[in-house]
Amino acid sequence: MSITRGPISQFIERNYLHFNSAALMDAAKGYETHLDEGGKMMVTLAGAMSTAELGISLAEMIRQDKIAIISCTGANLEEDIMNLVAHSHYKRVPNYRDLSPQEEWDLLENHYNRVTDTCIPEEEAFRRLQKHIHKIWKDADNSGERYFPHEYMYKILLSGELEQYYEIDPKNSWMLAAAEKNLPIVVPGWEDSTMGNIFASYIIKGELKASTMKSGIEYMAWLADWYTKNSSGKGIGFFQIGGGIAGDFPICVVPMLYQDMEMHDVPFWSYFCQISDSTTSYGSYSGAVPNEKITWGKLDIHTPKFIVESDATIVAPLIFAWILKQ
(Lines give C-alpha, C1' and ligand atoms only; values in the text may rest on other atoms or scores of the structure.)
Protein backbone atom coordinates (compact mmCIF):
# COMPACT_ATOMS: atom_id res chain seq x y z
CA MET A 1 0.00 0.00 0.00
CA SER A 2 1.46 3.35 -1.00
CA ILE A 3 1.97 5.96 1.67
CA THR A 4 0.21 9.28 1.17
CA ARG A 5 2.61 12.05 2.12
CA GLY A 6 1.96 15.71 2.71
CA PRO A 7 3.30 18.65 0.69
CA ILE A 8 6.55 19.09 2.68
CA SER A 9 7.58 15.47 2.14
CA GLN A 10 6.59 15.63 -1.52
CA PHE A 11 8.65 18.79 -1.99
CA ILE A 12 11.84 17.47 -0.43
CA GLU A 13 11.56 14.12 -2.21
CA ARG A 14 11.29 15.91 -5.56
CA ASN A 15 13.95 18.57 -4.98
CA TYR A 16 16.47 17.21 -2.46
CA LEU A 17 18.52 15.01 -4.78
CA HIS A 18 22.19 15.89 -4.27
CA PHE A 19 24.85 16.89 -1.74
CA ASN A 20 23.56 17.82 1.74
CA SER A 21 19.93 17.78 0.61
CA ALA A 22 20.34 14.17 -0.62
CA ALA A 23 22.03 13.28 2.68
CA LEU A 24 18.98 14.75 4.44
CA MET A 25 16.66 12.50 2.43
CA ASP A 26 18.84 9.42 2.96
CA ALA A 27 18.92 10.07 6.72
CA ALA A 28 15.15 10.61 6.87
CA LYS A 29 14.41 7.41 4.96
CA GLY A 30 16.91 5.53 7.13
CA TYR A 31 15.22 6.81 10.30
CA GLU A 32 11.83 5.73 8.94
CA THR A 33 13.10 2.27 7.98
CA HIS A 34 14.65 1.85 11.42
CA LEU A 35 11.29 2.56 13.10
CA ASP A 36 9.32 0.45 10.61
CA GLU A 37 11.56 -2.52 11.41
CA GLY A 38 10.80 -2.18 15.12
CA GLY A 39 13.78 -0.09 16.20
CA LYS A 40 13.80 2.69 18.79
CA MET A 41 15.46 6.09 18.42
CA MET A 42 17.43 8.32 20.72
CA VAL A 43 17.51 12.01 19.74
CA THR A 44 20.26 14.22 21.17
CA LEU A 45 19.93 18.00 21.37
CA ALA A 46 22.95 20.27 21.57
CA GLY A 47 23.15 23.95 20.69
CA ALA A 48 20.19 26.22 21.36
CA MET A 49 17.56 24.07 19.70
CA SER A 50 14.83 24.95 22.21
CA THR A 51 15.36 28.68 21.78
CA ALA A 52 15.26 28.02 18.03
CA GLU A 53 11.74 26.61 18.72
CA LEU A 54 12.48 23.09 17.52
CA GLY A 55 9.59 22.11 19.78
CA ILE A 56 7.17 23.00 16.98
CA SER A 57 8.21 19.82 15.17
CA LEU A 58 9.90 17.85 17.96
CA ALA A 59 6.81 17.79 20.22
CA GLU A 60 4.76 16.01 17.56
CA MET A 61 7.56 13.46 17.05
CA ILE A 62 7.33 12.71 20.78
CA ARG A 63 3.53 12.49 20.76
CA GLN A 64 3.60 10.06 17.83
CA ASP A 65 6.19 7.81 19.53
CA LYS A 66 8.89 8.44 16.92
CA ILE A 67 11.40 9.09 19.73
CA ALA A 68 12.07 6.68 22.59
CA ILE A 69 14.55 8.74 24.61
CA ILE A 70 16.23 12.17 24.51
CA SER A 71 19.66 13.34 25.62
CA CYS A 72 19.94 17.10 25.88
CA THR A 73 21.96 19.86 27.47
CA GLY A 74 20.59 21.64 30.53
CA ALA A 75 20.04 24.70 28.36
CA ASN A 76 17.68 22.83 26.01
CA LEU A 77 15.83 21.35 28.99
CA GLU A 78 15.03 24.74 30.50
CA GLU A 79 14.83 26.96 27.42
CA ASP A 80 11.85 25.13 25.96
CA ILE A 81 9.95 25.89 29.19
CA MET A 82 11.19 29.49 29.17
CA ASN A 83 9.86 29.91 25.64
CA LEU A 84 6.55 28.41 26.79
CA VAL A 85 6.09 30.93 29.63
CA ALA A 86 7.80 34.07 28.30
CA HIS A 87 7.60 33.98 24.50
CA SER A 88 6.12 37.45 24.02
CA HIS A 89 8.97 38.99 26.03
CA TYR A 90 11.71 37.55 23.81
CA LYS A 91 13.50 40.06 21.61
CA ARG A 92 14.69 39.17 18.12
CA VAL A 93 17.82 40.92 16.82
CA PRO A 94 18.06 40.12 13.10
CA ASN A 95 21.14 42.38 12.70
CA TYR A 96 23.06 40.55 15.46
CA ARG A 97 26.18 40.31 13.28
CA ASP A 98 26.45 44.10 13.29
CA LEU A 99 26.12 44.75 17.04
CA SER A 100 28.88 46.77 18.68
CA PRO A 101 30.24 45.89 22.14
CA GLN A 102 28.24 48.85 23.48
CA GLU A 103 25.01 47.52 21.98
CA GLU A 104 25.72 44.09 23.49
CA TRP A 105 26.28 45.79 26.85
CA ASP A 106 22.99 47.65 26.48
CA LEU A 107 21.19 44.33 26.01
CA LEU A 108 22.79 43.05 29.23
CA GLU A 109 21.80 46.22 31.09
CA ASN A 110 18.21 45.67 29.95
CA HIS A 111 18.36 42.05 31.19
CA TYR A 112 18.39 40.42 27.76
CA ASN A 113 20.74 37.47 27.18
CA ARG A 114 21.44 36.97 23.48
CA VAL A 115 21.48 33.60 21.72
CA THR A 116 22.46 34.44 18.12
CA ASP A 117 19.45 36.45 16.88
CA THR A 118 17.21 35.88 19.90
CA CYS A 119 17.40 37.50 23.34
CA ILE A 120 15.98 35.66 26.34
CA PRO A 121 14.37 38.00 28.91
CA GLU A 122 15.91 37.41 32.32
CA GLU A 123 12.99 38.46 34.50
CA GLU A 124 10.14 36.77 32.62
CA ALA A 125 12.09 33.61 31.68
CA PHE A 126 14.94 32.82 34.11
CA ARG A 127 13.51 34.34 37.28
CA ARG A 128 9.93 33.22 36.63
CA LEU A 129 11.07 29.61 36.28
CA GLN A 130 13.49 29.97 39.21
CA LYS A 131 10.72 31.11 41.54
CA HIS A 132 8.64 28.01 40.92
CA ILE A 133 11.36 25.39 40.55
CA HIS A 134 13.03 26.50 43.80
CA LYS A 135 9.95 25.43 45.75
CA ILE A 136 10.02 21.97 44.17
CA TRP A 137 13.76 21.63 44.90
CA LYS A 138 13.20 22.81 48.48
CA ASP A 139 10.32 20.41 49.11
CA ALA A 140 12.44 17.49 47.91
CA ASP A 141 15.39 18.71 49.98
CA ASN A 142 13.25 18.91 53.12
CA SER A 143 11.83 15.44 52.51
CA GLY A 144 15.23 13.88 51.81
CA GLU A 145 14.12 13.00 48.27
CA ARG A 146 16.40 13.01 45.23
CA TYR A 147 15.51 13.36 41.56
CA PHE A 148 17.17 13.96 38.20
CA PRO A 149 17.09 17.49 36.70
CA HIS A 150 14.48 16.56 34.10
CA GLU A 151 12.27 14.94 36.74
CA TYR A 152 12.01 18.25 38.61
CA MET A 153 11.04 19.92 35.31
CA TYR A 154 8.40 17.25 34.70
CA LYS A 155 7.00 17.85 38.20
CA ILE A 156 6.58 21.56 37.61
CA LEU A 157 5.02 21.09 34.17
CA LEU A 158 2.58 18.39 35.29
CA SER A 159 1.56 20.37 38.39
CA GLY A 160 -0.10 22.97 36.14
CA GLU A 161 1.58 25.73 38.13
CA LEU A 162 3.04 27.35 35.02
CA GLU A 163 -0.15 27.32 32.95
CA GLN A 164 -0.96 30.87 34.10
CA TYR A 165 2.04 32.07 32.11
CA TYR A 166 1.66 30.07 28.86
CA GLU A 167 2.33 32.32 25.86
CA ILE A 168 2.55 29.79 23.04
CA ASP A 169 0.32 26.92 22.02
CA PRO A 170 1.28 24.20 24.53
CA LYS A 171 1.38 21.65 21.72
CA ASN A 172 4.58 23.36 20.51
CA SER A 173 6.46 22.66 23.75
CA TRP A 174 8.53 19.50 23.42
CA MET A 175 9.15 19.39 27.17
CA LEU A 176 5.42 19.39 27.86
CA ALA A 177 4.93 16.58 25.33
CA ALA A 178 7.80 14.68 26.97
CA ALA A 179 6.41 15.22 30.48
CA GLU A 180 2.98 13.97 29.44
CA LYS A 181 4.59 10.81 28.00
CA ASN A 182 7.08 10.53 30.88
CA LEU A 183 9.69 10.21 28.12
CA PRO A 184 13.12 9.11 29.37
CA ILE A 185 15.65 11.97 29.26
CA VAL A 186 19.31 12.18 30.20
CA VAL A 187 20.85 15.60 30.81
CA PRO A 188 24.65 15.34 30.97
CA GLY A 189 26.50 18.35 32.37
CA TRP A 190 23.25 19.88 33.67
CA GLU A 191 25.23 22.19 35.96
CA ASP A 192 26.35 24.02 32.79
CA SER A 193 22.96 25.73 32.46
CA THR A 194 21.14 28.67 34.00
CA MET A 195 19.07 26.49 36.35
CA GLY A 196 22.19 24.48 37.15
CA ASN A 197 24.03 27.66 38.09
CA ILE A 198 21.06 28.79 40.19
CA PHE A 199 20.92 25.42 41.96
CA ALA A 200 24.66 25.69 42.70
CA SER A 201 24.11 29.15 44.18
CA TYR A 202 21.59 27.72 46.67
CA ILE A 203 24.14 25.09 47.70
CA ILE A 204 26.82 27.74 48.21
CA LYS A 205 24.36 29.73 50.34
CA GLY A 206 23.57 26.61 52.37
CA GLU A 207 19.89 26.56 51.37
CA LEU A 208 19.93 23.21 49.53
CA LYS A 209 22.00 20.04 49.63
CA ALA A 210 23.89 19.00 46.48
CA SER A 211 22.63 15.45 46.95
CA THR A 212 19.04 16.61 46.30
CA MET A 213 19.96 16.65 42.60
CA LYS A 214 20.94 13.31 41.10
CA SER A 215 24.25 13.48 39.24
CA GLY A 216 25.59 12.84 35.76
CA ILE A 217 27.21 9.60 36.94
CA GLU A 218 23.78 8.43 38.09
CA TYR A 219 22.38 9.39 34.68
CA MET A 220 25.01 7.15 33.05
CA ALA A 221 24.19 4.23 35.36
CA TRP A 222 20.47 4.72 34.64
CA LEU A 223 21.14 4.90 30.88
CA ALA A 224 23.19 1.68 30.99
CA ASP A 225 20.22 -0.12 32.51
CA TRP A 226 17.77 1.44 30.03
CA TYR A 227 19.97 0.53 27.06
CA THR A 228 20.37 -3.12 28.04
CA LYS A 229 16.59 -3.43 28.47
CA ASN A 230 15.70 -1.73 25.16
CA SER A 231 18.37 -2.75 22.65
CA SER A 232 17.07 -6.18 21.63
CA GLY A 233 15.65 -6.83 18.17
CA LYS A 234 16.30 -4.01 15.71
CA GLY A 235 18.05 -2.03 18.44
CA ILE A 236 18.37 1.65 19.21
CA GLY A 237 19.28 4.33 16.71
CA PHE A 238 21.12 7.56 17.44
CA PHE A 239 19.94 10.82 15.87
CA GLN A 240 22.34 13.55 16.88
CA ILE A 241 21.60 17.26 16.50
CA GLY A 242 24.85 19.17 16.94
CA GLY A 243 27.80 17.72 18.85
CA GLY A 244 29.20 18.15 22.31
CA ILE A 245 28.18 16.46 25.54
CA ALA A 246 24.54 15.86 24.56
CA GLY A 247 25.80 13.38 21.95
CA ASP A 248 29.12 12.21 23.35
CA PHE A 249 27.75 11.25 26.77
CA PRO A 250 24.99 8.83 25.73
CA ILE A 251 26.81 7.28 22.76
CA CYS A 252 29.54 6.13 25.18
CA VAL A 253 27.14 3.84 27.03
CA VAL A 254 27.80 1.06 24.49
CA PRO A 255 31.59 0.89 24.82
CA MET A 256 31.23 1.29 28.59
CA LEU A 257 28.95 -1.75 28.79
CA TYR A 258 31.17 -3.77 26.46
CA GLN A 259 34.64 -2.77 27.64
CA ASP A 260 34.16 -1.78 31.28
CA MET A 261 31.25 -4.01 32.28
CA GLU A 262 32.53 -6.83 30.02
CA MET A 263 29.03 -7.49 28.68
CA HIS A 264 30.00 -8.95 25.31
CA ASP A 265 26.48 -9.36 23.95
CA VAL A 266 25.75 -5.61 23.95
CA PRO A 267 24.49 -4.45 20.52
CA PHE A 268 26.03 -1.40 18.85
CA TRP A 269 23.84 1.60 18.06
CA SER A 270 21.89 0.41 15.01
CA TYR A 271 21.47 3.71 13.12
CA PHE A 272 23.47 6.90 13.28
CA CYS A 273 22.83 10.37 11.91
CA GLN A 274 24.42 13.67 12.84
CA ILE A 275 23.25 17.11 11.75
CA SER A 276 26.07 19.57 12.31
CA ASP A 277 27.52 22.71 10.81
CA SER A 278 30.89 21.74 12.29
CA THR A 279 33.04 20.65 9.38
CA THR A 280 35.58 17.85 9.76
CA SER A 281 38.46 19.19 11.81
CA TYR A 282 41.36 18.26 14.07
CA GLY A 283 40.35 16.57 17.32
CA SER A 284 36.77 17.84 17.25
CA TYR A 285 34.01 15.47 18.34
CA SER A 286 31.37 17.55 16.58
CA GLY A 287 33.42 17.49 13.40
CA ALA A 288 34.42 13.81 13.51
CA VAL A 289 33.13 11.61 10.68
CA PRO A 290 30.88 8.75 11.83
CA ASN A 291 33.45 6.07 10.95
CA GLU A 292 35.71 7.33 13.76
CA LYS A 293 33.07 6.01 16.16
CA ILE A 294 33.76 2.46 14.95
CA THR A 295 37.21 2.58 16.56
CA TRP A 296 35.62 3.61 19.87
CA GLY A 297 33.22 0.67 19.89
CA LYS A 298 30.13 2.81 19.40
CA LEU A 299 29.06 1.90 15.87
CA ASP A 300 29.30 -1.33 13.90
CA ILE A 301 30.82 -1.57 10.42
CA HIS A 302 27.30 -2.17 9.08
CA THR A 303 25.47 0.53 11.08
CA PRO A 304 23.71 2.87 8.60
CA LYS A 305 25.58 6.19 8.97
CA PHE A 306 24.54 9.62 7.78
CA ILE A 307 25.93 13.11 8.25
CA VAL A 308 24.22 16.30 7.10
CA GLU A 309 26.58 19.26 7.28
CA SER A 310 24.07 22.06 7.59
CA ASP A 311 22.06 24.19 10.00
CA ALA A 312 20.00 21.92 12.27
CA THR A 313 17.21 24.53 12.50
CA ILE A 314 16.67 23.96 8.75
CA VAL A 315 17.39 20.23 8.52
CA ALA A 316 15.76 18.69 11.62
CA PRO A 317 12.21 20.01 10.98
CA LEU A 318 12.37 18.68 7.40
CA ILE A 319 13.51 15.23 8.52
CA PHE A 320 10.82 15.22 11.20
CA ALA A 321 8.23 16.25 8.59
CA TRP A 322 9.24 13.22 6.50
CA ILE A 323 8.94 10.88 9.49
CA LEU A 324 5.51 12.38 10.30
CA LYS A 325 4.49 12.12 6.62
CA GLN A 326 3.65 15.82 6.52
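Biologist: Which residues of the largest nonpolar core touch the most other members?

Modeller: This is a predicted model, and in it the largest nonpolar core holds 98 residues, of which Ile-70, Trp-137, Trp-174, Phe-239 and Ile-241 touch the most other members. Helix H14 gives the largest share of this core, namely eight residues. Another core, of five residues, lies apart from it, and Val-93, Tyr-96, Leu-99 and Leu-107 are among its members.

Biologist: With which residues is Ile-70 in contact, if we leave aside its neighbours within four places in sequence?

Modeller: With those neighbours left aside, the contacts of Ile-70 include Val-43, Leu-45, Leu-58 and Ile-62, and also Trp-174, Leu-183 and Pro-184.

Biologist: Is Ile-69 buried or exposed?

Modeller: A residue is called buried when its relative accessible area is under 20%. Ile-69, which lies in strand E2 (residues 69–72), counts as buried because its relative accessibility is 0%. Beyond its neighbours within four places in sequence, Ile-69 is in contact with residues including Met-41, Met-42, Trp-222 and Trp-226.

Biologist: How should I read the side chains along a strand, and which way do those of strand E5 point?

Modeller: In a regular strand the side chains alternate between the two faces of the sheet. In strand E5 (residues 118–121), Thr-118 and Ile-120 point one way while Cys-119 and Pro-121 point the other way, and all of them are buried.

Biologist: Which strands pair with E5?

Modeller: Strands E3 and E5 run antiparallel and are joined by two bridges, with Lys-91 standing opposite Cys-119 of E5. Strand E4 (residues 112–115) also pairs with E5 in the antiparallel sense, over four bridges, and there Tyr-112 has Pro-121 as its bridge partner. Between the strands of the hairpin of E4 and E5 there are two residues, and in this hairpin Thr-116 takes a positive phi near 55 degrees.

Biologist: Which other residues have a positive phi although they are not glycines?

Modeller: Asn-182 has a positive phi of about 50 degrees and is not a glycine; Asn-182 lies in the loop between helix H8 (174–181) and strand E6 (185–186). Because its relative accessibility is 58%, Asn-182 counts as exposed. Lys-325, again not a glycine, has a positive phi of about 60 degrees and is found in the segment after H14. With a relative accessible area of 31%, Lys-325 is partly exposed.

Biologist: Where is Ser-9 placed, and with which residues is Ser-9 in contact beyond its neighbours within four places in sequence?

Modeller: Ser-9 belongs to helix H1 (residues 7–15), and Ser-9 is buried, since its relative accessible area is 0%. Leaving aside those neighbours in sequence, Ser-9 is in contact with Ala-321, Trp-322, Lys-325 and Gln-326.

Biologist: What is the volume of the largest pocket, and which residues are the closest to its centre?

Modeller: The largest pocket has a volume of about 550 Å³. It is lined by 28 residues, and the closest to its centre are Ala-48, Met-49, Ala-52, Thr-116 and Thr-313. By kind, the lining divides into nine nonpolar, 13 polar and six charged residues. Strand E3 (91–92), strand E8 (271–276) and helix H14 (312–323) each supply at least two residues of this lining.

Key
Residues numbered from 1 in each chain as written. Predicted model: local features only at pLDDT ≥ 70, side-chain atom pairs only at ≥ 80, totals over all residues. Heavy atoms only, no water. 1 Å grid on protein atoms, 1.4 Å probe; cavity = no way out; pocket = protein on both sides within 12 Å on 5 of 7 lines; lining within 4 Å. Points joined across faces, edges and corners; volume = space filled by probe spheres on them. Nonpolar A, V, L, I, M, F, W, Y, C, P; charged D, E, K, R; others polar. Core = buried A, V, L, I, M, F, W, Y, C linked by side-chain atoms within 4.5 Å. Buried < 20%, exposed > 50% of the residue type's maximum accessible area, 1.4 Å probe, protein only. Contact = heavy atoms within 4.5 Å. Pairing = 2+ DSSP bridges.
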